[in-house]
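Visitor: Could you walk me through reading a few features of this structure?
Guide: Gladly; let us look at it together.

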Amino acid sequence: MLKELALADDAVVACVDAPAWPVPERELIAALDAAHRLQQRLAAVTLTLIREIDGRGTARSQGASSTAVWLRERLRLTVPAARRLIDLATALDAGNPGIRQALADGTISLDQARVIADTVGTVQATAGPEAADKAVSLLTDWAGQFDPSLLRKLGNRILDHVAPDLADAAAKAAMEAEAARAARDRHLTLSEQTDGRLRLTGILDAETAGLLRAAIDPLTTPSGPDDQRSPGQRRHDALTDVCRLSLRTSDLPEHGNDPAQIVVISTYDALTAKLDAGTLDTGLTLTPEAVRRLACDAGVLPAVLGGAGQILDVGRQRRLITGPLRRALVLRDRGCAFPGCDRPPRWCDAHHIEHWADGGLTSLANAVLLCGYHHRHIHHSDWSVRLGSDGHPEFTPPAWLDPEQVPRRNHYHRRT
């Protein structure tokens with residue numbers, strides 16, 4: 001086998017180096033089909049090898065705790081991805097051979113094989129091997145027309161075709177099996193990057209996916225005509241807003257007898273002079289601009305240190321714009337006060353117009369409601385905000401946007 005794989009590897013390398021631009025369109029499409037078919041056939045070989053390695057206990061003999069962990073180290077896979085390969089390899093080895101043959105023939109993809117194996121396993125347990133054989137035949141035919149998502153939906157009612165008298169019971173079993181798979185595969189991984197950022201990866205079950213979409217979808221629409229954020233950046237900022245909102249509630253569990261909150265550590269000189277960075281209590285660093293912006297938020301406690309590192313002050317919630325003062329601010333601004341923004345009060349921070357580190361007072365005359373996006377925008381752009389003669393906020397655009405710099409107001413929340 002190793003000799004044959006080496007020959008195939010040489011052939012693939014030759015294709016990698018071959019230019020695609022002079023190939024006629026019909027041949028180009030045929031080459032794509034051939035490459036895809038070869039990929040599926042190699043997947044069948046890979047699954048056979050994984051099944052044999054798992055069955056022999058190779059991983060443990062080489063010091064790994066499981067085959068999934070061994071594959072992670074050997075092939076640089078995530079553990080959930082490795083487990084899915086092992087599960088599929090086991091299913092194809094122990095189940096209907098027609099699925100593996102379809103994968104080896106290149107007529108179905110790896111993801112389609114996984115869907116078919118899951119479905120056929122349920123059919124076998126519910127209606128027996130004869131119905132399972134019919135299900136394999138139907139599903140492999142359908143795989144030529146439908147992607148894995150649609151194939152799984154069709155598979156949920158496969159017994160309508162192969163065993164109509166058991167269809168209702170099978171539908172219930174398929175639903176329970178799908179729920180079990182979702183519960184098994186659910187995970188969220190937070191990987192810390194070298195620069196302090198986090199990479200989020202994972203799979204959410206259907207319920208959590210619905211909750212997440214319901215929470216962030218209303219916040220992912222552009223906040224105005226000058227919102228230049230990409231869809232991915234808007235989803236990121238929406239998640240930030242959801243986290244900020246949750247920290248403002250009293251429903252989160254306590255941690256060490258303290259309410260859930262963020263602690264930002266900075267020296268007094270650095271904070272007032274807008275120099276250097278701050279540090280979260282988790283050890284991650286923040287720019288001085290981010291520290292000053294976060295200090296506006298009632299869910300953040302600024303811990304200010306002196307030159308020798310001694311604690312000069314740990315900001316208390318009552319120092320910030322909370323309670324009756326926030327309620328008065330909400331009554332005045334009705335939502336994000338930035339021109340054109342429709343974010344409601346619950347998604348907004350209370351921003352100090354003159355920052356408290358610069359001597360600004362915590363008062364209604366020195367505060368304005370801003371959503372997460374526009375709070376960042378005010379701290380990192382040339383826009384400025386002040387209260388007009390009638391006590392309502394107005395925003396002055398930068399000269400490059402409006403050479404006259406005519407103050408603007410938000411007319412969304414208050415029409416008059």
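Visitor: Where is the place of L198?
Guide: L198 has its place in strand β2, where strands (E, at least two residues) and helices (H or I, at least four residues) are DSSP runs numbered from the N terminus. This is a predicted model, in which local features need pLDDT of at least 70 and side-chain atom pairs count only at pLDDT 80 or more, while totals for chains, interfaces and linings use all residues. Residues are numbered from 1 along each chain as its sequence is written, and side-chain values use heavy atoms, with hydrogens and water left out.

Visitor: Is L198 buried, exposed or partly exposed?
Guide: Buried means under 20% relative accessible area, exposed over 50%, and partly exposed in between, with a 1.4 Å probe and protein chains only; L198, at 43%, is partly exposed.

Visitor: Which way do the residues of β8 point?
Guide: C348, A350 and H352 point one way and D349 and H351 the other, and all are buried.

Visitor: Which strand is joined to β8, and by how many bridges?
Guide: Two strands pair if DSSP finds at least two bridges between them; here 5 bridges join β8 to β9 (residues 367–371), and the two run antiparallel. In β9, L369 is the bridge partner of A350.
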